[in-house]
Amino acid sequence: MTTLQRKTHPRIVGRFATALIAAAVMGASAQAIAQDDDPIKVGILHSLSGTMAISESALKDTVEMLIEQQNEAGGLLGRQLEAVVVDPASNWPLFAERARELLAQEEVDVIFGNWTSVSRKAVLPVVEELNGLLFYPVQYEGEESSENVFYTGAAPNQQAIPAVEYLINQVGIERFALIGTDYVYPRTTNRILEAFLKDEHGVSEEDIMVNYTPFGHSDWQNIVAELRRFGEEGKPTAVISTINGDANVPFYRELANQGIDAADIPVIAFSVGEQELSGIDTAPLVGHLAAWNYFMSVDTDANYDFIDAWIEYTGDEEAVTNDPMEAHYIGFNMWAEAVRKAGTTDVDAVKDAIIGVTVPNLSGGYAAMMPNHHITKPVLIGEVQDNGQFDIVWQTPSTVAGDAWSDYLPGSRDLIADWRKPMECGNFNVVNGSCGGSTAAEEAEAALAE
C-alpha cells in the first residue's frame, strides 16, 4: 500500500514562519519593555539594631532620602529607584549573608552599606564573587582596594595622619594614647600611627600607650584612670580614639566623671561625630576634638540645603548630619552619574565609567573618584561645642586624594592600586612589577577571627 503525503505550499510555509518570527520579536520587545520599566534596585546594608545602630541607622535613612530625591527628579535612565533594606544587626558574619541575599536573591544593582571594617571585610568576598557594587562611606584603615568596592570614607592619609600632625605641630603633643575598639580598623590604623610617630617624629616607645576594648564596652573607670596616670608624667598628652559605636557614650561620660577635660588631655576621635554626641551631655566635653572630612557646621549653601532636606525628611528639627552621611551623598551621586555616563546599570560598565567622575561635596568643593577607587576629600578638625556641634579649627587648603596603601608600613609602601586597563590591579607591586590579586577570602577570615 502506498502512503500519499500532502505537500504544503511554500507560500504557506513562508507565511507561517514569518508569523512565528514576528511573535517572537514582539515577545522579546515586550520583555525588554517590561525590564526597562522595572525599578533600579538599591541595596542598603546598615545595622538597624545592635551596638552599631547608633551610628548606622541614620545612614540607612540617608540613602532612602537620596533615592526619594532621585525619583522626584525623574529617576535614572527613565526608571524609578527602589530601596531594598536589610538589617545585619551589628553581626559581622550576618553582613555577608545579607549581602548575598541582596545580590543573589533581590538582584540589586548596587549596595550602599557597612560601617566597621570587619563587616566590610566579611562582605568583600561576596561582592567579588557575585560581581556586585559596594559603596563604603566610613573612614577606614586602608590596606585594601577591591575592584567591586568604592571607598568614599577617609583613608588614613585623609584623617589619621593629618590629625596626628595637627596635634604635634599645632597643640604641641608629645605623648599619645591610642585607644580603640578591638577589631581590624583600630589595630591597623594604630600600627600605621605607631610607625608614623616613631619614624617621622622620633616618638619613643614609652611615649605611646595602646589599649583595646570590645564592642559595646561600658566600664571605662580603670582605663580612664590609667589614661590620667599616663598624662601626668610631665609631657603634653593626647588620646587618639578609634572607639566605635555606643561604647563612646560611657567613655566620654567617664572622662567627665574623672574631671579630665580638653585642657588636660585632649581627645581627638576618628569615629565620633554629631550623631554620637546627640546622645550625651556635651558640656563637659567642650574642647575635645574630632577629625573628619565634613562637619554639620560647614558654612556653605550646599550644606544648608542638605541639612534642610534632612530635617524635612526626618520630620525632626533637632536632626543632625555627619561625615558618613556626606560620604553616602557623594557616593550616591557618583554612582548615579556613572550610570548616566554608561547608559546602563550593568556592573562592569559602571565600574569603568565611574573612574574620573567628579561631583560636588558639601564643603564647597568637589570629590573625584580616583583609579584606586578612593576619592578626593578635604581634611577638617573640629572642636566639640556645648551644643553638640563642632567648631572647625583647622583644615587642609585643598582636597587630599585617598591612598589605598600606607607609606609607613613595610609591606605596603611598594604597592599601588589602579583599576584602569591595562593594570586593573588593587595591589600592584612597583618593585617586582607583579599584581598580588584578590585576597578577599583570606582577609575576611582573618578579620572575623580577631
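**Salt bridges and their surroundings**

Reply: The structure holds 22 salt bridges. The model is a predicted one. A general point comes before the individual pairs: side chains of opposite charge can pair when their charged atoms come close.

One of the salt bridges joins the side chains of glutamate 144 and arginine 120, with 2.9 Å from N to O. This pair links distant parts of the chain, since arginine 120 belongs to helix α4 while glutamate 144 sits in the loop between β4 and β5, 24 residues apart. Both glutamate 144 and arginine 120 are buried.

Glutamate 443 and lysine 121 form a salt bridge in which the closest N and O atoms are 2.4 Å apart. How buried or exposed are the two partners? Lysine 121 has a relative accessible area of 5% and is therefore buried, because buried means under 20%. Glutamate 443, at 22%, is partly exposed.

For contrast in setting, take the salt bridge between lysine 421 and glutamate 424, where the closest N and O atoms are 3.7 Å apart. Lysine 421 has a relative accessibility of 59% and so counts as exposed, the cut-off for exposed being over 50%. Glutamate 424 is partly exposed, with a relative accessible area of 36%.

An open sheet is formed by 5 strands with parallel pairing, in the order β2-β1-β3-β4-β5. Its edge strands, β2 (81-86) and β5 (149-151), each pair on one side only. On average, neighbouring strands of this sheet are turned by 25° against each other, direction ignored.

Within the sheet, strand β1 (residues 40-45) and strand β3 (residues 110-113) run parallel and are joined by 4 bridges. Valine 42 stands opposite valine 110 in β3. Helix α3 (residues 92-105) packs on the sheet and touches β1, β2 and β3, and its direction makes about 175° with that of β1.

Strand β14 is mostly covered, with 4 of its 5 residues buried. Strand β10 (residues 289-292) pairs with β14 in the antiparallel sense over 4 bridges, and here alanine 290 has glycine 382 as its bridge partner. Strand β15 (residues 390-395) also runs antiparallel to β14, and 5 bridges join the two. Glycine 382 is found again in this pairing, with isoleucine 392 in β15 as its bridge partner. β14 and β15 form a hairpin with 5 residues between them, and glycine 388 in the turn has a positive phi of about 85°.

Note on methods
Residues are numbered from 1 along each chain as its sequence is written. This is a predicted model: local features need pLDDT of at least 70, side-chain atom pairs count only at pLDDT 80 or more; totals for chains, interfaces and linings use all residues. Side-chain values use heavy atoms; hydrogens and water are left out. Two strands pair if DSSP finds at least two bridges between them. Axes are lines fitted to C-alpha atoms, for helices over the stretch in contact, and angles run from 0 to 180 degrees between N-to-C directions. Contact means heavy atoms within 4.5 Å. A salt bridge is a side-chain nitrogen of Lys or Arg within 4 Å of a carboxyl oxygen of Asp or Glu. Buried means under 20% relative accessible area, exposed over 50%, partly exposed in between (1.4 Å probe, protein chains only).
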